Amino acid sequence: MKYNIALVPGDGIGPEIIADAKEVLEKVGEKFGHEFVFTEYDAGGCAIDKYGIPLPQETIDGCLASDSVMLGAVGGPKWDDMPNHLRPEKALLALRKEMGLYTNLRPAKIQPALKDACVLRQDIAERGFDLMIVRELTGGIYFGERGRNEEGDAAYDTESYSVMEIERNARNAFEIARKRNCHVTSVEKSNVLETSRLWKETVHRLHDEEYPDVKLDDMYVDNAAMQIVRDPSFFDVIVTSNMFGDILSDEASQVTGSIGLLASASLGDSKRGMYEPIHGSAPDIAGTGLANPIATILSAAMMLRYSFSLSDEAECIENAVAKVLEEGWRTKDIAAPDDENWLTGSQMKDKILEAI
Ligand code: NAD
């Protein structure tokens, strides 16, 4: 099969890690007989420098015409003083909107070889965990009406959800659970919030009508936050609102050990998604060889699984990463302080290529 992939490297370490992920995809394509055709587009600070705006129309058109999009990261000190509408990060929000992406997937998994770096109790780390947070991305309190009273001494933000918004996000969660361990935990605060009561009702109705084969349970967000540090192996798929997902996904990512390992995906109604590492453009290490490419390489694996339904190919990348880590290879961010033999990002990518 032939797949057209739009690459949006962005700024800082973005171009390095996207180049590494591209090589990995090429190797997987060779091995499994697929043709991946790549086209690069500008977004973020580099687009501001070239076109005066963070998201040129050419990039929007190219991404919409592709089968899927891989993004590095955008931003950096050079553009920190730009007016709000011209900030590099605006490119991400605008691209998500243009592509109709409303669900964010963030896996948090402990790599068996990195259990020692896990901040959880050692027996919990030993047990391991592999959870997926499915977060609603375009609604809720972050997009609701907000303001202050005339005196300016009181403020409000509004949480609002429609059945349609809850249902389309929950549908993605149930579909994903079917490709994993068939267990969804719906996280809300229905003992207090009306939006959460609608959330719970809607998730249960959809479950009963269309996904009775998937195990479904409910958890208040405060309990879920505790469960992530008590024993995250309880979870398979968590489905939750925009704000709760924002907080829980950062918490879950931290318990795994390193920001350089964690992938993410944004999905909508079509198969086309946007795949990117959860970290930023790390301008402090750009061009030094210190950038760990694993988060971006694992994002490429997510693209194969969720946009192209190529599960064997995705597993091949994930297994190669696990093998290289098992063999003891480390980039500086995940190396022990006294480990002098750490690899550059590009050397790590070469080890992963060898393992594919
Ligand atoms: P960051 O994630 O870029 O960096 C935080 C720390 O982690 C830094 O010390 C960095 O060196 C390190 N780090 C990040 N990725 C790494 C990797 N792959 N390998 C090794 N070390 C890594 O966050 P920040 O410093 O707060 O932000 C830097 C810039 O990135 C800012 O302009 C910010 O707005 C932008 N940003 C962009 C995105 C995005 O494009 N999705 C997300 C977050 C931040």
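**Helices, rings and buried residues**

Ala320, Val321, Lys323, Val324 and Leu325 in helix H11 make contact with Met348, Lys351, Ile352 and Ala355 in helix H12. By class, this contact of H11 with H12 holds seven nonpolar residues, two charged residues and no polar ones. The model is predicted, so keep in mind that every value here is computed from it.

How do two packed helices get described? Take H11 and H12 (residues 345-355): their axes come within 8 Å and cross at roughly 115 degrees. The crossing of H11 and H12 is right-handed.

Now look at Lys351 again. Lys351 belongs to the H12 side of that contact. Its charged end sits over the ring of Trp329, 4.0 Å from the ring centre.

How many aromatic pairs does a search of the whole structure find? The search finds six. One of them joins Tyr3 and Phe308. Their ring centres are 4.2 Å apart and their planes stand at 25 degrees. Planes under 30 degrees apart count as stacked, so the pair of Tyr3 and Phe308 is stacked. This pair links distant parts of the chain. Tyr3 is in strand E1 (residues 2-10). Phe308 is in the loop between helix H10 (294-306) and helix H11 (311-326). The two residues are 305 residues apart.

Are these two residues buried or exposed? Buried means under 20% relative accessible area. Tyr3 has 7% relative accessibility, so Tyr3 counts as buried. Phe308 has 9%, so Phe308 is buried too. Ring pairs also bring in Phe36: Tyr3, Phe36 and Phe308 are linked into a cluster.

Phe174 and Tyr211 form another aromatic pair, also stacked. Here the distance is 4.9 Å centre to centre, with 20 degrees between the planes. This pair also links distant parts of the chain. Phe174 is in helix H6 (residues 163-178). Tyr211 is in the loop between helix H7 (194-210) and strand E9 (215-220). The two are 37 residues apart. Both Phe174 and Tyr211 are buried.

Helix H7 also holds Thr202. Its relative accessible area is 4%, so Thr202 is buried. Which residues does Thr202 touch, leaving aside its neighbours within four places in sequence? Thr202 is in contact with Val163, Ile166 and Glu167.

Move on to helix H10, where Met302 is placed. Met302 has a relative accessible area of 4%, so Met302 is buried. Leaving aside neighbours within four places in sequence, Met302 is in contact with several residues, including Leu105, Pro107, Met132, Tyr275 and Ser307. Met302 and Ala314 are twelve residues apart in sequence, and their C-alpha atoms are 6.6 Å apart in space.

Finish with two loop residues. Cys182 lies in the loop between H6 and strand E8 (183-188). Its phi is positive, near 60 degrees, and Cys182 is a residue other than glycine. At 25% relative accessibility, Cys182 counts as partly exposed. Ala282 is in the loop between strand E12 (274-277) and H10. Ala282 is not a glycine, yet its phi is positive at about 40 degrees. With a relative accessible area of 22%, Ala282 is partly exposed.

Definitions and conventions
Residues are numbered from 1 along each chain as its sequence is written. This is a predicted model: local features need pLDDT of at least 70, side-chain atom pairs count only at pLDDT 80 or more; totals for chains, interfaces and linings use all residues. Side-chain values use heavy atoms; hydrogens and water are left out. Rings of Phe, Tyr and Trp (its six-membered ring) pair if their centres lie within 6.5 Å; planes under 30 degrees apart count as stacked, over 60 as edge-to-face and the rest as tilted. Helices (H or I, at least four residues) and strands (E, at least two) are DSSP runs, numbered from the N terminus. Buried means under 20% relative accessible area, exposed over 50%, partly exposed in between (1.4 Å probe, protein chains only). A charge sits over a ring if NZ of Lys or CZ of Arg is within 6 Å of the ring centre and within 35 degrees of the ring normal. Axes are lines fitted to C-alpha atoms, for helices over the stretch in contact, and angles run from 0 to 180 degrees between N-to-C directions. A crossing is left-handed if the near helix is turned anticlockwise from the far one by less than a right angle, and right-handed if clockwise. Contact means heavy atoms within 4.5 Å. Ala, Val, Leu, Ile, Met, Phe, Trp, Tyr, Cys and Pro count as nonpolar, Asp, Glu, Lys and Arg as charged, and the others, Gly among them, as polar.
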